[in-house]
Amino acid sequence: MKTSNFISLLEEHQDKSLLFEYAPAMLVGTNYHITEVKHITVDSVDCGAQTDSWKETVIQLWESPAELGKENYMTSYKALGILKKVGQMKSYNMDAVVKIEYGNAMFHTSQLHVIDFEIKENKLVIKLTVNPTDCKAKEICGVSETNTVETNSCAPGSGCC
């Protein structure tokens with residue numbers, strides 16, 4: 001999802017609680033805060049000596065131990081306010097891919113991709129996934145598609161890891 005789509009989604013659902021599903025049926029706790037927004041430029045060289053570059057907006061979530069058991073989630077309105085304040089200080093590239101950075105004691109810190117969202121009653125649930133590493137130069141490196149691991153085969157609870 002692009003940064004522009006994410007911000008528009010929050011604007012459309014300002015009256016809803018904002019939840020993040022980091023794995024199937026696993027939600028970031030009600031005690032989360034947006035602790036950092038990163039504007040990242042990636043300049044890369046892959047294993048086939050091919051160059052690439054792209055932009056990312058990384059929104060970091062952190063669960064406050066002091067607020068365990070908090071009753072309500074942050075609203076989309078509040079999250080939007082935080083993101084707008086950041087945008088006034090450092091402009092967004094609205095075409096940049098948005099990622100959510102999150103981890104807890106049971107889930108390794110990772111930059112998660114937004115794959116979908118769902119509206120449930122008064123909640124906006126942002127669905128996240130871990131994208132596995134991949135060889136971008138399969139033809140140059142002689143790697144066949146059949147040698148790659150299926151995207152969800154190492155999902156939490158799959159027994160893979």
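Biologist: Which residues are exposed on the other side of α2?

Modeller: On that side of α2, the exposed residues are Tyr77, Lys85, Gln88 and Met89. Exposed means over 50% relative accessible area, buried under 20%, and partly exposed in between (1.4 Å probe, protein chains only). This is a predicted model, in which local features need pLDDT of at least 70 and side-chain atom pairs count only at pLDDT 80 or more, while totals for chains, interfaces and linings use all residues. Residues are numbered from 1 along each chain as its sequence is written, and side-chain values use heavy atoms, with hydrogens and water left out.

Biologist: And which residues of α2 are buried?

Modeller: Ser76, Ala79, Leu80, Leu83 and Val86 are buried. They cover an arc of only 125 degrees around the axis, which puts them on the same side of α2; the arc is that of the directions from the helix axis to the C-beta atoms. Helices (H or I, at least four residues) and strands (E, at least two) are DSSP runs, numbered from the N terminus.

Biologist: What do the buried residues of α2 pack against?

Modeller: They pack against α1, β1, β3 (32-45), β4 and β7, where contact means heavy atoms within 4.5 Å.

Biologist: Turning to β7, why is it largely enclosed?

Modeller: Six of the seven residues of β7 (residues 123-129) are buried, so the rest of the structure largely encloses this strand.

Biologist: How many bridges join β6 to β7?

Modeller: Seven, and the two strands run antiparallel; strands pair if DSSP finds at least two bridges between them. Phe117 has Ile126 as its bridge partner in β7.
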